[in-house]
Amino acid sequence: MAVTRIISSCGDPYWCWAVWPVIPFSDRTIDFALGQPAPAPPSTRHWLGTDAQGCDVLARLIYGFRISTLFGLTLALVSSVVGVAAGAVQGYFGGWTDLIFQRFIEIWSSLPSLYILIILSSFLPPGFFVLLTIQLLFSWVSLVHVVRAEFLRARNFEYVNAARALGLSNFRIIVKHVLPNAMVATITFLPFIVSSSIGALTALDYLGLGMPPGSPSLGELLYEGKSNLNAPWLALSAFFTIAGMLTLLVFIGEAVRDAFDPRKAVL
């Protein structure tokens with residue numbers, strides 16, 4: 001908060017209170033009043049210093065954190081829908097359905113996903129949704145085995161047989177009776193999907209195959225830290241941000257799993 005002097009229309013000055021943001025820089029704002037060559041070290045003007053272009057590191061970290069979190073959560077949500085549906089069909093019906101799906105998943109999961117991601121990212125136009133689509137091709141496979149095992153275990157339980165005897169459809173039995181008990185294992189696995197997707201996005205950005213150039217990215221900040229070893233605040237800021245973000249995601253995932261566990265007694 002600061003006091004600002006304003007000149008009124010009649011020419012008389014008056015004072016008013018103005019609220020300024022804590023960080024008055026955007027992720028692409030170049031500070032031309034540094035007074036020293038970029039990258040500049042941390043100061044009261046730039047709390048974590050600037051990068052090689054003169055942009056505020058803290059502002060780029062905040063924007064990069066938002067993009068990475070949004071990317072990881074969106075990918076986890078979409079891949080969980082696809083993976084849960086495929087695993088539920090396999091585990092509930094079994095037989096030839098399970099056998100055919102399992103052979104396809106074994107072949108698909110044996111493909112070198114990282115190399116395919118790099119190849120596709122090298123000739124496709126960089127962008128958020130392009131990377132999300134490429135990542136979705138392989139991220140859903142990790143959930144199939146977990147959900148399939150839960151459905152194979154629960155398909156012959158007494159409440160499932162009772163639902164069949166009452167004439168309920170297979171879709172209603174899967175969604176209303178079996179799926180809630182299988183969601184605990186699924187929710188437990190979701191933080192690992194989010195963490196791996198954020199790690200993959202950071203790696204692609206580090207290699208220059210991720211977001212468009214100039215986008216606020218943790219991977220790009222790591223690359224700038226490698227290119228400017230005389231400015232350790234670049235790599236250290238990105239490293240501690242990534243480590244803290246992944247740690248928080250794991251803790252949040254554990255809390256969500258405990259909250260949605262139907263087998264825990266409510267006191």
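Mentor: Before we start, a helix here is a DSSP run of H or I that covers at least four residues, numbered from the N terminus. Keep in mind too that this is a predicted model.

Trainee: Got it. How many salt bridges does a search of the whole structure find?

Mentor: Some sit in a network that links Asp51, Arg60 and Glu220. Arginine 103 with glutamate 106 is another of the pairs. Search the whole structure and the count comes to five.

Trainee: Is glutamate 150 buried or exposed?

Mentor: Glutamate 150 meets arginine 153 in a salt bridge, 2.8 Å from N to O. Arginine 153 has a relative accessible area of 40%, making it partly exposed. The cut-off for buried is under 20%. Glutamate 150 has a relative accessible area of 17%, so call it buried.

Trainee: And arginine 148 with aspartate 98: how many residues apart in sequence are the parts this pair ties together?

Mentor: These two side chains form a salt bridge at 2.8 Å, N to O, and aspartate 98 is buried at 10% relative accessible area. Arginine 148 is in helix α5 (residues 141-154), while aspartate 98 is in helix α2 (residues 95-109), so the pair ties together parts whose separation in sequence is 50 residues.

Definitions and conventions
Residues numbered from 1 in each chain as written. Predicted model: local features only at pLDDT ≥ 70, side-chain atom pairs only at ≥ 80, totals over all residues. Heavy atoms only, no water. Salt bridge = Lys/Arg side-chain N within 4 Å of Asp/Glu carboxyl O. Helix = DSSP H or I, 4+ residues; strand = E, 2+ residues; numbered from the N terminus. Buried < 20%, exposed > 50% of the residue type's maximum accessible area, 1.4 Å probe, protein only.
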